[in-house]
Amino acid sequence: MKIAILDDYQDSVRQLDCFKILTGHDVKIFTNSSRGLGQLVIRLAPFEALVLNRERTALPRALLARLPNLRLISQTGAAGPHIDTDAATELGIAIAEGAGSPVAPAELTWALLMAAQRKIVPYANNLKDGLWQTASINPALNGLGLALRGSTLAIWGYGRIGRLVAGYGRAFGMRVLVWGSEASRAAAEADGCEAAPSRERLFEEADVLSLHLRLTDATRGVVGAHDLARMKPGALLVNTSRAELIAEGALEAALLQGRPGRAALDVFTSEPLAADAPLLRMPTVLATPHLGYVEKDSYEMYFWAAFENIVNFAAGTPSNIRNPGALDRR
């Protein structure tokens with residue numbers, strides 16, 4: 001098959017052990033993103049199969065309808081709303097889903113949380129400039145970092161990632177407060193955490209608040225300005241899930257107003273994030289370029305499954321197809 005692997009920013013996929021699975025196929029790796037519809041059509045038109053690196057490229061109906069050669073979309077991890085599944089099915093384009101793990105994003109969440117609370121990045125950067133134990137040359141920002149023990153970790157969403165992060169919090173001696181569905185709150189209590197009595201209390205009592213919700217129509221913009229305004233001036237908001245969980249512009253405005261006081265972010269509404277994005281200009285924001293799953297073990301797992309799905313499809317034995325109706329339309 002003629003295969004395109006999209007958005008491999010670090011050109012790392014060809015170095016993976018699993019890349020050999022595609023031996024014998026015609027494979028093109030794109031290391032940069034293309035955003036305009038016309039550009040994407042030109043880039044992707046020749047290919048029979050696309051390997052999507054998580055949600056880095058969206059495939060709406062308008063694009064899929066102009067890719068006559070496309071037979072298979074092989075998604076790393078679970079397919080989401082970035083693919084128009086109905087359109088793909090109507091056009092006879094199968095969508096194969098892969099495996100995923102909560103470990104790397106949970107660990108990245110904890111790394112951001114600790115780095116932000118102890119101000120590790122500004123301390124390290126200022127040390128390179130000859131400034132000893134200096135978090136900022138701005139006196140208002142040159143305060144001490146904070147230990148975790150005894151503080152409250154608030155978690156909204158108690159799925160696989162949220163559960164791991166809660167466990168890390170308990171191991172560090174934090175009080176873990178959870179909000180979510182009734183089933184999630186019950187599971188959290190069974191694990192030794194506290195269920196927040198209300199959404200409002202979750203935001204009010206948090207010293208650190210971490211979001212771990214899937215992005216759906218119901219959760220898009222679910223965190224609003226009124227929620228953020230309830231947070232303590234010294235609180236930290238951590239988001240390694242999806243930027244769109246927070247209402248557009250609400251976080252930037254809340255940070256300027258000082259509630260919450262700081263944020264640690266790995267996800268953004270537009271990615272790659274522009275260098276002049278307002279969030280990158282805020283000294284109270286620790287930002288990373290969507291690294292949640294970007295590490296070797298995760299890549300091997302994600303791409304191994306995606307490549308196996310392609311090989312099976314090419315052999316006439318499709319596997320892990322999200323929309324089996326597409327197979328009858330070719």
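Modeller: Start with a cut-off: buried means under 20% relative accessible area. Keep in mind that this is a predicted model.

Colleague: Why is H290 called buried?

Modeller: H290 has a relative accessible area of 14%. The limit is under 20%, so H290 counts as buried. H290 sits in the loop between β12 (285-287) and α11 (296-314).

Colleague: What makes H290 and E271 a polar contact?

Modeller: Their side chains are joined at 2.7 Å. The rule asks for N or O atoms within 3.5 Å, one able to donate a hydrogen and the other to accept it. The pair therefore qualifies. Setting aside neighbours within four places in sequence, H290 also has R242, D266 and V267 among its contacts.

Colleague: Is L202 buried or exposed, and how do you know?

Modeller: Buried. L202 has 0% relative accessibility, and the limit is under 20%, so the label holds. L202 belongs to helix α8 (residues 199-205). Beyond four places in sequence, its contacts include W156, W179 and L209.

Colleague: What makes β1 and β3 a strand pair?

Modeller: Three bridges join strand β1 (residues 2-5) to β3, and they run parallel. Pairing needs at least two bridges, so they pair.

Colleague: What makes both faces of β3 covered?

Modeller: In β3 (residues 49-52), A49 and V51 are buried on one side. L50 and L52 are buried on the other.

Colleague: Now the domains. Which residues does each one take in?

Modeller: The domain assignment gives domain 1 as 2-101 + 296-326 and domain 2 as 139-282. Eight residues of domain 1 and five residues of domain 2 make the contact. The area buried between them is about 440 Å², with 38% from carbon and sulfur atoms. R35, E55 and P81 supply 48% of what domain 1 buries against domain 2, more than any other three residues.

Colleague: Why is E55 with R242 called a salt bridge?

Modeller: Their side chains meet at 2.7 Å, N to O. The limit is within 4 Å, from a Lys or Arg side-chain nitrogen to an Asp or Glu carboxyl oxygen. Between domain 1 and domain 2 the count is one salt bridge.

Notes: Residues are numbered from 1 along each chain as its sequence is written. This is a predicted model: local features need pLDDT of at least 70, side-chain atom pairs count only at pLDDT 80 or more; totals for chains, interfaces and linings use all residues. Side-chain values use heavy atoms; hydrogens and water are left out. Helices (H or I, at least four residues) and strands (E, at least two) are DSSP runs, numbered from the N terminus. Buried means under 20% relative accessible area, exposed over 50%, partly exposed in between (1.4 Å probe, protein chains only). Contact means heavy atoms within 4.5 Å. Domain bounds come from an automatic or database domain assignment. Buried area is the accessible area (1.4 Å probe) that two parts lose on being put together, summed over both.
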